[in-house]
Amino acid sequence: MKILVADDSRVMRQIVIRTLRQAGYDDHDIVEAEDGADALAKVSSEQPDLVLSDWNMPNMTGFECLEALRSSGQQVPFGFVTSEGSPEMREKAANAGALFLIAKPFNEDTFKEHLDGVIA
Amino acid sequence: MTTFDTGERRRSSDARPVIAELMDDATVQAIAEEAWTALVGEDELLLPMPGELPADVLSAWVDVVGPWTGSVVLTTGAQTAAELTRTLLAETAPPLLDHEDVADAFGEIANVVGGNVKASLPGPSALSLPEVGNAPAVRNPADLLRVDVLWRGQPLSISVQGALPPLPVQ
């Protein structure tokens, strides 16, 4: 399984990848994207099985990326990992087709809770 | 036509809340502690004790724009910011950190703390991308919460500060 991790912070991408390993998802290919536009391009070129994306990023936000994917018919499973977890954002994410929204800070248990069932 | 003074105009002009009406020090401290435990390490404690910041400080902050508008600012010594960066990067830390590494790591901590502060405030509001450098000035001392902590014995301050000047006194 291939997982695309999109975050404009390199440190946060490392933390997400480390947490994936700690949560037991350590035998998957990881691809990194540094903003929404990069993520959009890499969904096309890398064909990931899951996208884990930050929301607030320069160039193109994670939300705009999700909207662009869905409007082009691309149905890749997509979840947010973001520092903002208000009920309004969760609703907005769900309405746009996101499977879940993990609020930062998170730990391996949070990842397991949301990813079990998504990652086989 | 009879008109009534509903107090609407008076209330709306008085409506801009200051941060102390919306949250307290304990909430800011709890948000920072949770961010530290999750991002920096399970055993990493923030002791609620004031310490004297060194001359060479670095700040990281995010802006919140909404019913309350201001910045969530983390300030610590430049060396402490570098130590934080090494801790966050762990085995991927380069032998020599550059400013971009520190800006990324320290900025991301401010982003997580700021995002959670924003979630505790009345919305809707928007959160900026993090910035790192010299902290924005305190515009209204009455619209300020500041929590001073020690991390690994080094001082760090977290300030939630309004960006707008005080309202004129009627």
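What share of the contacts in chain A with a separation of 6 or more comes from residues 24 or more positions apart? The figure is 61%. Keep in mind that this is a predicted model.

Start with the build of chain A. Its secondary structure comes to 5 helices and 5 strands. Read from the N terminus, the elements run β-α-β-α-β-α-β-α-β-α. The radius of gyration of chain A is 13 Å, close to the 14 Å that the globule rule gives for 120 residues, so chain A is as compact as a globular protein of that length. Along its principal axes, the C-alpha trace of chain A spans about 35 × 35 × 25 Å. Of the 120 residues in chain A, 42% are buried.

Now look at a pair of helices in chain A. Two packed helices are described by the angle between their axes and the distance between the axes. For α2(A) and helix α3 (residues 62-71) of chain A, the angle is about 30° and the axes are 8 Å apart. An angle under 35 degrees counts as roughly parallel, so α2(A) is roughly parallel to α3(A). The crossing of these two helices, α2(A) and α3(A), is right-handed. Which residues of α2(A) and α3(A) meet? From α2(A) come G36(A), A39(A), L40(A) and V43(A). From α3(A) come G62(A), E64(A), C65(A), A68(A) and L69(A). By class, the contact of α2(A) with α3(A) has 6 nonpolar, 2 polar and 1 charged residues.

Stay with helix α2 of chain A, and find E46(A) there. E46(A) has 14 C-beta neighbours inside 10 Å, so E46(A) counts as partly exposed. Leave aside residues up to four places away in sequence, and E46(A) touches K2(A), L4(A) and V31(A). Compare that with D109(A), 63 residues from E46(A) along the chain. The C-alpha atoms of E46(A) and D109(A) are separated by 28 Å.

Next comes Q47(A). This residue sits in the loop between α2 (36-46) and β3 (50-53) of chain A. Phi of Q47(A) is near 50°, a positive value in a residue other than glycine. Around Q47(A) there are 12 other C-beta atoms within 10 Å, so Q47(A) is exposed.

A cis peptide bond joins K104(A) and P105(A), with omega about 0°. Where is P105(A)? It lies in the loop between β5 (100-103) and α5 (108-115) of chain A.

Chain A also meets chain B. How many residues of each chain are in contact? There are 17 residues of chain A in contact with 20 residues of chain B. On the side of chain A that touches chain B, helix α1 (residues 10-22) of chain A gives the most, with 5 residues. By class, this side of chain A has 6 nonpolar, 7 polar and 4 charged residues.

Helix α3 (residues 78-89) of chain B and helix α4 (residues 99-120) of chain B pack at an angle of about 85°, with their axes 9 Å apart. α3(B) and α4(B) are therefore roughly perpendicular to each other. On α3(B), the contact is made by A81(B), A82(B), L84(B), T85(B), L88(B) and L89(B). On α4(B), it is made by D101(B), V102(B), A105(B), F106(B) and I109(B). The classes here are 9 nonpolar, 1 polar and 1 charged residues.

The loops of chain B deserve a visit too. P124(B) lies in the loop between α4 and β4 (126-127) of chain B. A cis peptide bond joins G123(B) and P124(B), with omega about -5°. R152(B) is found in the loop between β6 (144-151) and β7 (154-162) of chain B. R152(B) has a positive phi of about 50°, although it is not a glycine. With 14 C-beta neighbours inside 10 Å, R152(B) counts as partly exposed.

Finish at P48(B), in the loop between β1 (46-47) and β2 (57-65) of chain B. P48(B) is partly exposed, with 14 other C-beta atoms within 10 Å. Not counting residues up to four places away in sequence, P48(B) touches Q29(B) and V149(B).

How values were computed. Residues numbered from 1 in each chain as written. Chains lettered and ligands numbered in written order. Predicted model: local features only at pLDDT ≥ 70, side-chain atom pairs only at ≥ 80, totals over all residues. Contact = placed C-beta atoms within 7 Å. Helix = DSSP H or I, 4+ residues; strand = E, 2+ residues; numbered from the N terminus. Nonpolar A, V, L, I, M, F, W, Y, C, P; charged D, E, K, R; others polar. Axes fitted to C-alpha atoms, helices over the stretch in contact; angles between N-to-C directions. Parallel < 35°, antiparallel > 145°, perpendicular 65-115°, else oblique. Buried ≥ 20, exposed ≤ 12 C-beta atoms within 10 Å, placed from the backbone. Left-handed = near helix turned anticlockwise from the far one by under 90°. Rg over C-alpha atoms; globule rule 2.2 N^0.38 Å.
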